Amino acid sequence: RPMTLKECKKEEKADREFQKKFKFEGNITILTQMMVDPATTEKRGGGKNLPLRRGEILDVIQFTNKEQILCRNSQRRYGYVPRAVMLHLVTDPKPWEHHQTLKAEAPMLEGLRGSEGPSDGALRCFV
């Protein structure tokens with residue numbers, strides 16, 4: 001069903017709050033989707049961390065560094081998730097590209113945030 005105006009405004013507000021909290025500039029782009037490892041220990045989250053729910057599919061907004069990924073869950077809440085508990089989905093046509101690129105570029109990308117990174121605030125992965 002199409003979104004109501006109220007739902008649309010609510011999503012826009014959530015996105016603005018996310019951009020302010022995480023100092024994220026530019027458009028919010030979903031890079032891929034990943035799943036929380038079904039074998040992981042569930043955690044409540046808090047601060048800037050998303051709660052961990054086994055098997056949950058998350059939208060990946062930014063591969064922040066070697067330890068964490070910035071994600072959005074189905075309730076449109078944003079936060080960091082440890083990279084170690086995230087699994088690539090089979091539907092991702094080339095899941096290895098994200099991993100290989102980031103592994104190769106990780107030292108160069110560490111510390112890149114805000115105005116130091118690309119103009120739209122998202123880290124770019126090239127293969």
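Which residues form a positive surface patch? Keep that in mind while you get oriented. This is a predicted model.

**Overview**

Start with a cartoon view. The protein has 2 helices and 5 strands. Follow the chain from the N terminus and the elements run α-β-β-β-β-β-α. Colour by accessibility next: of the 127 residues, 35% are buried.

**Stop 1: the positive patch**

Select Lys21, Lys23, Lys48, Arg53 and Arg77. These residues form the positive surface patch. Now centre on lysine 23. It sits in the loop between helix H1 (5-21) and strand E1 (32-36). Lysine 23 has a relative accessible area of 64%. The cut-off for exposed is over 50%, so lysine 23 counts as exposed.

**Stop 2: the aromatic cluster**

Select Phe18, Phe22, Phe24, Tyr78 and Tyr80. Together they form one aromatic cluster. The count of aromatic pairs comes to 4. Look at phenylalanine 18 with phenylalanine 22: this pair is tilted, with 5.3 Å centre to centre and 40° between the planes. Phenylalanine 18 and phenylalanine 22 are both buried. Turn to phenylalanine 24. Its ring also pairs with that of phenylalanine 18, again tilted, at 5.2 Å centre to centre and 40° between the planes.

How buried are these rings? Phenylalanine 18 has a relative accessible area of 3%. Phenylalanine 24 comes in at 6%. Buried means under 20%, so phenylalanine 24 counts as buried.

**Stop 3**

Alanine 14 is in helix H1. In sequence, alanine 14 and tyrosine 78 are 64 residues apart; in space, their C-alpha atoms are 8.8 Å apart. Alanine 14 is partly exposed, at 23% relative accessible area.

**Stop 4: the salt bridges**

Side chains of opposite charge can pair when their charged atoms come close. The structure holds 4 salt bridges.

Select glutamate 11 and arginine 76. Their side chains meet in a salt bridge, 3.5 Å from N to O. Glutamate 11 is in helix H1, while arginine 76 is in the loop between strand E3 (68-72) and strand E4 (78-82), so this pair ties together parts that are 65 residues apart in sequence.

Lysine 13 is partly exposed, at 47% relative accessibility. Glutamate 17 is partly exposed too, with a relative accessible area of 47%.

Where do the partners of the next bridge, arginine 72 and aspartate 59, lie in the chain? Select them and check the side chains: they meet in a salt bridge at 3.2 Å, N to O. Arginine 72 is in strand E3 and aspartate 59 in strand E2 (residues 57-62), so the pair links distant parts of the chain, 13 residues apart. Are these two residues buried or exposed? Both arginine 72 and aspartate 59 are buried.

Definitions and conventions
Residues are numbered from 1 along each chain as its sequence is written. This is a predicted model: local features need pLDDT of at least 70, side-chain atom pairs count only at pLDDT 80 or more; totals for chains, interfaces and linings use all residues. Side-chain values use heavy atoms; hydrogens and water are left out. Patches are made of residues with over 30% relative accessible area and no salt bridge: like charges are joined within 9 Å, nonpolar side chains (Val, Leu, Ile, Met, Phe, Trp, Tyr) within 5 Å. Accessible areas come from the Shrake-Rupley method with a 1.4 Å probe; for residues, only the protein chains shown count as cover. Lys and Arg count as positive and Asp and Glu as negative; His and the chain ends are not counted. The place of a charge is taken as NZ of Lys, CZ of Arg, CG of Asp or CD of Glu. Helices (H or I, at least four residues) and strands (E, at least two) are DSSP runs, numbered from the N terminus. Buried means under 20% relative accessible area, exposed over 50%, partly exposed in between (1.4 Å probe, protein chains only). Rings of Phe, Tyr and Trp (its six-membered ring) pair if their centres lie within 6.5 Å; planes under 30 degrees apart count as stacked, over 60 as edge-to-face and the rest as tilted.
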